[in-house]
Amino acid sequence: MGRLKQNRRGERLFLREGTKPCTGGGTGFIGTALTQLLKARGHEVMLVSRKPGPDRITWDELDTSGLPHCDAAVNLAGENILNPLRRWNESFQKEVLNSRLETTQILARAINKAPQPPQAWVLVTGVAYYQPSLTAEYDEDSPGGDFDFFSNLVTKWEAAARLPGESTRQVVVRSGVVLGREGGAIRHMLLPFRLGLGGPIGPGHQFFPWIHIRDLAGILAHAVEASHVQGVLNGVAPASATTNAEFAKALGAALGRPAFIPLPSMVVQAVFGQERAIMLLEGQKVVPRRTLATGYQYSFPELGAALKEVVA
């Protein structure tokens, strides 16, 4: 299997970004950034969407005609877990689960049945695989995936993507909190921080694994293009020891505003539910050991520079 060269015309990359409110195909936060980057590198990108359009294939077409010829497939699917407008009940939990597993299974089956399967199959999951801790440090070989709803979700999600055999190179990117101008966590934080009302969430000493959108897109493109990349990569910045309080302070500094008003744990639990609030009130120290070992070079390895770019 040869390396997919940058700027080589004719490479076709099949992307899927999950069903989210008021968005389709690859027009979401991560999908847009990745599509722009891949096109800038000379790749042709095809999206799967509920509606037909240029450079798109519908789910019905995928189901009846199979996977079009492509060199790589990327799945970014998933209902937003931290949607504050949705109650954390059994119905929403099923949506969260099915939005990840069903789309992943459909694509994995299509890849497996393809006469010419893609060279690479890339899935984005999350660092919720690793158990929250104030002391442990996790790399890609660390255990996890079996202690709560979210870790079990990641385990099932990654299992759904697994293909038999070795004809297609398989990569899983476990992403941290994604920082960018057009979406992600920052979008909900900016207003209170600009008003000087921002601060740490809960105790603030929990770890806050983060990554700039440009680097997440960069890691995904690296996974697509580099034939030696396979297995699990942690999609987090190298500055892995960042705590929530340090993040709040750095965001306040980037905006030139104070950031010392904490958001009480009980408020977080009231809005998100006790189980879901764990994702905000607890955290993990996650290091991208294998990501760095593959040769990926970060554009934003440090938090200060990442936040200055986001709020500029």
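This is a predicted model: local features need pLDDT of at least 70, side-chain atom pairs count only at pLDDT 80 or more; totals for chains, interfaces and linings use all residues.

Modeller: Helix H1 itself covers residues 29-40, 12 residues in total, and spans 17 Å from its first C-alpha to its last, close to the 16 Å expected at 1.5 Å a residue. Its buried residues are Phe29, Ile30, Gly31, Ala33, Leu34, Thr35 and Leu38, where buried means under 20% relative accessible area. An α-helix has 3.6 residues a turn, so residues three or four places apart point the same way. With that in mind, the buried set can be read along the helix, including Ile30, Leu34 and Leu38.

Turning to the setting, the secondary structure of the protein chain comes to 11 helices and 12 strands, H1 being one of the helices. The radius of gyration of the protein chain is 19 Å, close to the 20 Å that the globule rule gives for 312 residues, so the chain is as compact as a globular protein of that length. Its C-alpha atoms fill a box of roughly 55 × 40 × 40 Å along the principal axes. Of the 312 residues, 54% count as buried, and the chain exposes about 14400 Å², of which carbon and sulfur atoms supply 53%. Among contacts with a separation of 6 or more, 80% come from residues 24 or more positions apart.

How values were computed:
Residues are numbered from 1 along each chain as its sequence is written. Side-chain values use heavy atoms; hydrogens and water are left out. Helices (H or I, at least four residues) and strands (E, at least two) are DSSP runs, numbered from the N terminus. The expected span of a helix is 1.5 Å times one less than its number of residues. Buried means under 20% relative accessible area, exposed over 50%, partly exposed in between (1.4 Å probe, protein chains only). The radius of gyration is taken over C-alpha atoms; the globule rule is 2.2 Å times the number of residues to the power 0.38. Contact means heavy atoms within 4.5 Å. Accessible areas come from the Shrake-Rupley method with a 1.4 Å probe; for residues, only the protein chains shown count as cover.
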